[in-house]
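This briefing concerns a surface patch, a sheet and aromatic contacts. Please consult the sequence and the structure below before reading on.

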Amino acid sequence: MRLFDTPRLIIGAFITVLIWFRFTDRNRKDSDCGSDRWRPVFDPTFLVTVVPIIFAAALILNGTERFRIVSNALAETMLTTAVYFAILLPLLPLLRRAFSARACAMLWLLPNVLYFVIYDSLGRSKPFAVLPVRAKLDWLLWVWLAGAVVVMAWKVAEHIRFRRKLLRDAREPDEETLAIFRSVREEMETEATLKDPLPLLISPNTDTPLSVGLTRKSLRVVLPERRYTPDELRLIFRHELIHIVRQDAGTKLFMACCTALMWWNPLMWLAMRRCADDLELGCDEFVLLDEPETECGRYANLLLKTAGDERGFTTCLSATAEALRYRLENVLHPKNKLLGGMMLGIVALALVVFSGSLAIAYAPQRLDEAAGIGTDAGEWYYNPGNDLTSTPYPDGAALWEALRSREVYQLSGNYRPDADSWLHGHMDEQWVDIACAGRYVYVEVYRFDAEKERSRQVLQRCFAFAEEPDRNALLLAAAL
């Protein structure tokens, strides 16, 4: 078995270099990127947006089998993301001490790179570890799906309710406040980044400055009905504009989707909270970049007197009581830390290379039942070296009897066993290709489509034998 798959290594290496250089270029102190220095390395809602499109296209254009392949890819992505966050959470205190808050905030977005390996053509040869479940997961699948829909609907409804309450009775501020807001936007060069007019409002229904909205047209910066000095307003506007340019609301949407998909995992709920804290820490770091100590003290006082009121996909200046002490320590006593571009690239490489290493094996069945293959022995051919020549296999009936009676598990990911030899069978008006590699067997089934006058793939799946078979017992000694 190959330890690493070449396509994943190539894509992982490309992503590593891209993230490393892009993050470093935008976050170094002498960066001349303007407002682009605050923009994320990639869109935080990328995976959330792309996956439903892939699902819909697979179901409409390619039918149920392609939909199942994409579902397996999503299951693989979910498992990888869950394991990644479970490793990240205990390491986070150490990473915060060593690397910049901007890099730590970026760590929560890295599962988006798994989009590049979501296709079955980049499937691993086999998982490193398998978790067997001796049950059919049909009813569990419906429970999981219902839970995901309920959690996501709750999150969206919470955001809509809070937004409506927030903007109810909201009014425009005075000219002096608007002038300061425009001045800060010009200083930060956000006019080109945020082309649409960005409304500034004052609301009686909030106690803290915040920004709300997931799209450019819905974005609003909202202040509470409280008097701030011009210097405090500049810090507030700088803080919220950085949140907007970095698309931190989109990051919260991404984490909410991950939590909805894995609502049964308590670590995901904790990860969502820790991500929100890191977004605020990273924003604090950007606001005070190269600022004097007096400005740091003013910012700390502003944090202390600002009450928390964060709900939905909003970003606000306030801090939770749990994170306030750490934020104040970072503001008042900043430490020299590594920027973290190389660290982000290495973590992204590990995510790409090791995604799919863990699989769930479920629904044990006989091979012929699991693959939907007929019981007719048919005609079998041996294809050595996966070349274009095939040799008739003399005892096809005994071969198929030995194969079809083996118990196999279905796997939650897409895999292609690293086998150089294939067996081809023709039975019950269908063609079957089988490759065996240790404990795993890869099956492709084709049927003739009379309307289109060509063969059509109806199954493409990798199974795990309940027990690794003896090749002699499977009558494959002579062929394989």
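Does phenylalanine 128 count as buried, partly exposed or exposed? At 35% relative accessibility, phenylalanine 128 counts as partly exposed, since buried means under 20% relative accessible area, exposed over 50%, and partly exposed in between (1.4 Å probe, protein chains only). The model is predicted, with local features requiring pLDDT of at least 70 and side-chain atom pairs pLDDT 80 or more, while totals for chains, interfaces and linings use all residues. Residues are numbered from 1 along each chain as its sequence is written, and side-chain values use heavy atoms, leaving out hydrogens and water.

**Aromatic pairs**

- The structure holds six aromatic pairs; rings of Phe, Tyr and Trp (its six-membered ring) pair if their centres lie within 6.5 Å, and planes under 30 degrees apart count as stacked, over 60 as edge-to-face and the rest as tilted.
- One of them joins phenylalanine 128 and phenylalanine 354, which are edge-to-face because their planes stand at 70°, with ring centres 6.5 Å apart.
- Phenylalanine 128 lies in the loop between helix H3 (101–107) and strand S1 (129–133), and phenylalanine 354 lies in helix H11, 226 residues apart; helices (H or I, at least four residues) and strands (E, at least two) are DSSP runs, numbered from the N terminus.
- Phenylalanine 354 is partly exposed, at 42% relative accessible area.
- Tryptophan 154 and tryptophan 269 form a tilted pair, with ring centres 6.1 Å apart and planes at 35°.
- Tryptophan 154 belongs to helix H4 (residues 138–167) and tryptophan 269 to helix H8 (residues 266–287), so this pair ties together parts 115 residues apart in sequence.
- Tryptophan 154 is partly exposed at 41% relative accessibility, and tryptophan 269 is partly exposed at 30%.
- Tyr84, Phe85 and Trp108 form one aromatic cluster.

**Nonpolar surface patch**

- Val17, Trp20, Phe21, Met342 and Ile346 make a nonpolar surface patch of about 490 Å².
- Helix H1 (6–27) and helix H11 (341–354) each supply at least two residues of the patch, and the largest share, three residues, comes from H1.
- Methionine 342, located in helix H11, is partly exposed, with a relative accessible area of 46%.

**Sheet**

- Four strands form an open sheet in the order S2-S4-S3-S5, with mixed pairing; two strands pair if DSSP finds at least two bridges between them.
- Strand S2 (200–203) and strand S5 (314–316) are the edge strands, each pairing on one side only.
- Strand S3 (residues 210–212) pairs with S5 in the antiparallel sense over three bridges, and the bridge partner of leucine 210 in S5 is cysteine 316.

Terms used. Patches are made of residues with over 30% relative accessible area and no salt bridge: like charges are joined within 9 Å, nonpolar side chains (Val, Leu, Ile, Met, Phe, Trp, Tyr) within 5 Å. Accessible areas come from the Shrake-Rupley method with a 1.4 Å probe; for residues, only the protein chains shown count as cover. A salt bridge is a side-chain nitrogen of Lys or Arg within 4 Å of a carboxyl oxygen of Asp or Glu.
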